[in-house]
Each structure stands twice: as C-alpha cells, then as structure tokens.
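Student: I have a model open and want to learn how to read it. Where do we start?

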Amino acid sequence: NIFIVEKKKTELYQELGLQARDLRFQHVMSIATRNNKIIMRMEFLKAVITPEFLLILDYRNLSLEHWLLNELASQLAGEGQLVTYSLPFEFRAIEAILQYWISKLQGRLNTLQPQILEILEDLVDPKLLSVDRSKLHILLQNGKSLSELETDVKVFKETILEILDEAEVIEELCLSKWTDPQVFEESTSGIDHAEEMELLLENYYRQAEDLLNEARELRVLIDDSESIIFINLDSHRNVMMRLNLQLTMGTFSVSLFGLIGVAFGMNLESSLEEDPRIFWLVTGIMFLGSGLIWRRLLSFLGRHLDPPLPPHVPAVLKKSQPATGRVEIKTNLKGETFGLNRSTLTNQ
C-alpha cells in the first residue's frame, strides 16, 4: 500500500524516535541503523526503513513518481526473488533502493557510452588533418560526466564494503530477527538472516564493481584515442614542416643563382650585353644551377630525415652433410676439470 503523508519534522522525529541529525539531508551515501530503524542516504534519495514500512522523504522534488508507483510496489511485494522462502520486509526495501540506485548509475553509463564511442570514431581518423573543436568540446563534457560517474560508483562500493567488513552492522540491519518471534525462530532453525543480508550486499557490490570496470575501460579507450589523435596530428605537422623546409631550400637555390641576374642588372658597361645570346645563356645557367642545388639539398634532407632501414638479419646456417653420412662438428670446449682445450666430436 502506497500513500502520501505530510508532517512536520518535529512530529516525524517524535513518531519515529529519531534525532534531528538522522533526518537531516546530506549529499552523502551511507547505510546506518538508529533505534531499530535503517536510515539510507543515497545522495539525493533518503529513506527510513522499519520492519513495517518504507518511508521516502521529499520524493516530489526528486522526480520519483514513476519508480514509486510502477516499480517499488512489486519489489516490496517480493516478486521476482530468487529465494524460495520469503524474506523480511527490510530485506526487500533495502534491495529495492539498491536496485534503483544501481539502475540509475547503469543508465548514466549507457547514455555516455554510445556518445563517446561515436565521437572517438569520428576523431580517430588517419586522414584527419585538423580536429573539430565542437566534437572535442562534447568529448570533454562527456569525459567530465564519466569522471563523476566513476566517483559515484566508487562511493557506492565503499559504502557497501564498510558494511560487509563489520559483522555487527550486518546483524543490526536484520531488524525483524529481533522484533518478530517467528522470524527469530526461522533464524534459529537454519535460515541465517545475517548471511542472507551479506549475500544481498555482496550482489550489489559485484554489480558496482562490474559497472566501475566498464567505466574504466571507457576511460582507457578515451586515453588511447587521445594518443592516436596526437600521433596523427604530429604526423601531419611533420609533413607540413618538411614541405616548408623543401620550399625554403628551393627559395635559397633560386636566390643564390639570382645573384647572376643582379650582377648583370647593375648598369655596368661590358661587351656581354651587346651579344643577344648572353641573356638566354645566363638565364639557363641560373635555372640549371638552382635546380641542381635544390636537388642536392633534397637528397641531403632525405638522407638525414628518412628512417634508417632495419638491420640485416643473416639467414640460419644450414648443416652440411657429406655423402659418406658423417657429420663433423668442431667446437672449443673449456674443460678445466678434465684439462682439455679443444676437441673434435664425430657423429656417425
């Protein structure tokens, strides 16, 4: 039965037998027991669990109507449980809240993963000469969201691990074991509720561990893709630098032999300017000399910038077997014990 209750805080404290600090909203994650009641803080979600009811505080500000009306009722009724016997109410309430929170974390990862993979597929392209800044901005935002998700999952894991390390806290979470005589008789007859609570918490601890591993793999993929992007950009940058160096060499070559034209254009009288063939001769020498010098500079650049060839690996020497069927293997043996310096072994 789901119903809405509006009460003042002071009345709620007195009715539940709790202190004001117990119901104070804090953006933390914790599971604690107070006065035979379980107080669960899952950041924005805060709940109080007793053996009879589950109290969700200020649900209207958290957009929890869909979960409260459509999913929570069936979970509290015990539908879909793996065990054949019915567990106490606080077990089902804790599992419902943990399931809701792990589903929220999984949904955030399912939203980020396709967006990140799509952006990385567009960015990691060997033909890419420049990087789209808009995609990098989106990737940066998704990376921040992924970091926040990893932090939330780690806090969730640590919260459950703190409870698993304390056997007394696990016993305190089994509220019905100490208040309901029937439940206590079941525990003494062979059903250990503390062990059931431990298995319940371990289940969600493993789910959080798997979720954190998926987030870490996505983080590693982002880092590897970032390295590939930098390598591609460095490769294209090296090509542009080499082209710039080649053009600089060509300009130097043309300028060097351009001094000949400068010398003939200084308005100095000589007998060469009267010959009509000198113009074509000097022009040819200038272009030919510039081309030869540029060619030499390019070959010098290629020898010093191209990667060296891998060292030659000699082939494995084959054994030679004479026609007589005898194989002679000569070796030097340092037989200090037997006083031998060199021996010849003959194998038939």
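Student: At what angle do the axes of helix H3 and helix H4 cross?
Tutor: Keep in mind that this model is predicted. Angles over 145 degrees count as roughly antiparallel. Here the axes of H3 (residues 89-123) and H4 (residues 133-164) cross at roughly 155 degrees and come within 10 Å. H3 and H4 are therefore roughly antiparallel to each other. Their crossing is left-handed. The residues of this contact divide into 17 nonpolar, 3 polar and 5 charged.

Student: Which residues have the most contacts inside the largest nonpolar core?
Tutor: A core is a set of buried nonpolar residues joined through their side chains. The largest one has 58 residues, and Met42, Leu54 and Phe156 have the most contacts inside it. H3 supplies the largest share of this core, 17 residues. A second, separate core has 8 residues, including Leu12, Leu16, Leu23 and Leu57.

Student: What does Leu54 touch, leaving out residues up to four places away in sequence?
Tutor: Its partners are Ala47, Val48, Ile49, Leu72, Leu76, Phe89, Ala93 and Ile97.

Student: Is Val28 buried, partly exposed or exposed?
Tutor: Buried means under 20% relative accessible area, and exposed means over 50%. Val28 has 37% relative accessibility, so Val28 counts as partly exposed. Val28 is found in the loop between helix H1 (9-16) and strand E1 (29-33).

Student: How far apart are Val28 and Val155 in sequence and in space?
Tutor: They are 127 residues apart in sequence, and their C-alpha atoms are 8.9 Å apart in space. Beyond four places in sequence, Val28 touches Arg41, Met42 and Glu43.

Note on methods: Residues are numbered from 1 along each chain as its sequence is written. This is a predicted model: local features need pLDDT of at least 70, side-chain atom pairs count only at pLDDT 80 or more; totals for chains, interfaces and linings use all residues. Side-chain values use heavy atoms; hydrogens and water are left out. Axes are lines fitted to C-alpha atoms, for helices over the stretch in contact, and angles run from 0 to 180 degrees between N-to-C directions. Helices (H or I, at least four residues) and strands (E, at least two) are DSSP runs, numbered from the N terminus. Angles under 35 degrees count as roughly parallel, over 145 as roughly antiparallel, 65 to 115 as roughly perpendicular and the rest as oblique. A crossing is left-handed if the near helix is turned anticlockwise from the far one by less than a right angle, and right-handed if clockwise. Ala, Val, Leu, Ile, Met, Phe, Trp, Tyr, Cys and Pro count as nonpolar, Asp, Glu, Lys and Arg as charged, and the others, Gly among them, as polar. A nonpolar core is a set of buried Ala, Val, Leu, Ile, Met, Phe, Trp, Tyr and Cys residues joined through side-chain atoms within 4.5 Å. Buried means under 20% relative accessible area, exposed over 50%, partly exposed in between (1.4 Å probe, protein chains only). Contact means heavy atoms within 4.5 Å.
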